[in-house]
Amino acid sequence: MAEYKCFSCAKIVGQDYLRKKIRCPYCGSKILFKPRSVATTVPAR
Ligand SMILES: [Zn+2]
């Protein structure tokens with residue numbers, strides 16, 4: 001399942017919201033992007 005992130009408020013927008021319109025349900029922004037594959041392990045310093 002794909003999830004998108006709002007560019008404006010940085011909340012995760014589920015795919016359900018994107019069926020009809022590409023729009024953030026939280027702030028109404030139309031700018032959403034697909035975040036890269038989630039949480040690869042961060043190498044320890
Ligand atoms: Zn938003």
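Visitor: Which residues is Lys11 in contact with, leaving aside its neighbours within four places in sequence?
Guide: Cys6 and Tyr26. Keep in mind that this is a predicted model.

Visitor: And where is Lys11 placed?
Guide: Lys11 is in a loop. That loop runs between strand S1 (3–6) and strand S2 (12–14).

Visitor: How far apart in space are Lys11 and Pro25?
Guide: 9.5 Å, C-alpha to C-alpha. In sequence, 14 residues separate Lys11 and Pro25.

Visitor: Let's switch to Ala10. Where is its place?
Guide: Ala10 is also in the loop between S1 and S2.

Visitor: What about the phi of Ala10?
Guide: The phi is positive, about 65°, although Ala10 is not a glycine. Most residues other than glycine have a negative phi.

Visitor: Buried or exposed, that Ala10?
Guide: Exposed, because Ala10 has 11 C-beta neighbours inside 10 Å.

Visitor: Now the whole chain. How many helices and strands?
Guide: Zero helices and three strands. From the N terminus on, the order is β-β-β.

Visitor: What percentage of the residues is buried?
Guide: Buried residues make up 7% of the 45 residues in the protein chain.

Visitor: And contacts between residues 24 or more positions apart, what share do they have?
Guide: They account for 25% of the contacts in the protein chain with a separation of 6 or more.

Technical notes: Residues numbered from 1 in each chain as written. Predicted model: local features only at pLDDT ≥ 70, side-chain atom pairs only at ≥ 80, totals over all residues. Helix = DSSP H or I, 4+ residues; strand = E, 2+ residues; numbered from the N terminus. Buried ≥ 20, exposed ≤ 12 C-beta atoms within 10 Å, placed from the backbone. Contact = placed C-beta atoms within 7 Å.
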